[in-house]
Amino acid sequence: MHFYRTLRPVKAITFDLDDTLYDNRDVIRRTQQESHAFLQAYHPALNDFSHEAYQALRDQLLQQEPEIYHDVSEWRRRAVEVAMLNVGLSTAEADAGSRAVMNNFAHWRSQIEVSLENHQTLAALAQRVPLVAITNGNAEPHLFGLDGYFQFVLRAGPHGRAKPFHDMYHLASEKLGIPLENILHVGDDLTTDVAGAVRCGMQSCWINLRNGNLMQIADARLLPHVEISQLASLTALV
């Protein structure tokens with residue numbers, strides 16, 4: 001554990017999800033493969049619909065509606081819907097089809113394994129201070145056994161702009177009734193989690209799970225208050 005800033009009393013902890021509480025890389029790879037295969041099998045006209053064609057539709061939507069990136073689930077659904085419309089499905093069929101694809105996506109997206117140590121750590125912390133999840137992604141903690149530790153879950157899109165924008169950080173503080181300066185945000189990303197939290201007045205904890213060097217990483221814009229290499233270290237702070 002390394003301290004870079006003076007840590008004020010911690011009265012609540014907010015957590016990023018992906019790559020903070022579990023390794024998300026293989027989950028994403030498998031989810032993308034399975035979801036795209038489901039899309040191709042949904043209608044004969046989509047059998048040859050490629051990953052590249054899907055990405056081109058995503059890029060087109062982003063160019064037309066730059067703010068759509070704040071809601072990754074809706075961005076994905078809309079791209080699928082356009083793909084279905086483009087091959088001749090009706091508006092109603094494309095809407096229903098895109099939601100079926102997203103249900104399949106949600107299933108695979110939530111095939112996540114969380115270590116016993118992290119479960120035990122979250123359980124111990126939840127007995128001491130309120131815990132909240134703040135995510136830019138679309139993992140659903142209730143589908144892989146993490147929801148019971150959190151007072152609530154905030155998602156980019158439905159609950160504001162994506163981190164590092166301050167929307168969800170401020171909303172967490174408001175819903176908890178705890179000042180930003182007494183909340184510690186824990187995350188793996190030095191931009192969205194560390195810089196985003198520090199700039200809005202929160203305290204930040206960088207979880208360094210891949211032996212990164214804070215002094216040599218290009219996106220280390222602001223120093224966190226504390227750096228840890230395993231989640232269990234947090235029990236020493238509260």
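Mentor: Start with the term. A nonpolar core is a set of buried Ala, Val, Leu, Ile, Met, Phe, Trp, Tyr and Cys residues joined through side-chain atoms within 4.5 Å. Buried means under 20% relative accessible area, exposed means over 50%, and partly exposed lies in between, with a 1.4 Å probe and protein chains only.

This is a predicted model: local features need pLDDT of at least 70, side-chain atom pairs count only at pLDDT 80 or more, and totals for chains, interfaces and linings use all residues. Residues are numbered from 1 along each chain as its sequence is written, and side-chain values use heavy atoms, with hydrogens and water left out.

Now the core itself. The largest nonpolar core holds 28 residues. Inside it, F15, L21, Y22, L131, L146 and L234 have the most contacts. Several elements give two or more residues to this core: β2 (12-15), α5 (116-126), β3 (131-135), β5 (183-187), β6 (203-207) and β7 (226-228). These names come from DSSP runs, numbered from the N terminus: helices are H or I with at least four residues, strands are E with at least two.

Zoom in on L21. Contact means heavy atoms within 4.5 Å. Set aside neighbours within four places in sequence, and L21 is in contact with F15, D16, V114, N118, L122, L146, F150 and L231. There is also a second, separate core of 17 residues. Among its members are A162, L176, I178 and I183.

Finally, compare a residue in a loop. G201 sits between α7 (190-199) and β6. G201 is partly exposed, at 30% relative accessible area. Leaving out residues up to four places away in sequence, G201 touches R8, L180 and E181.
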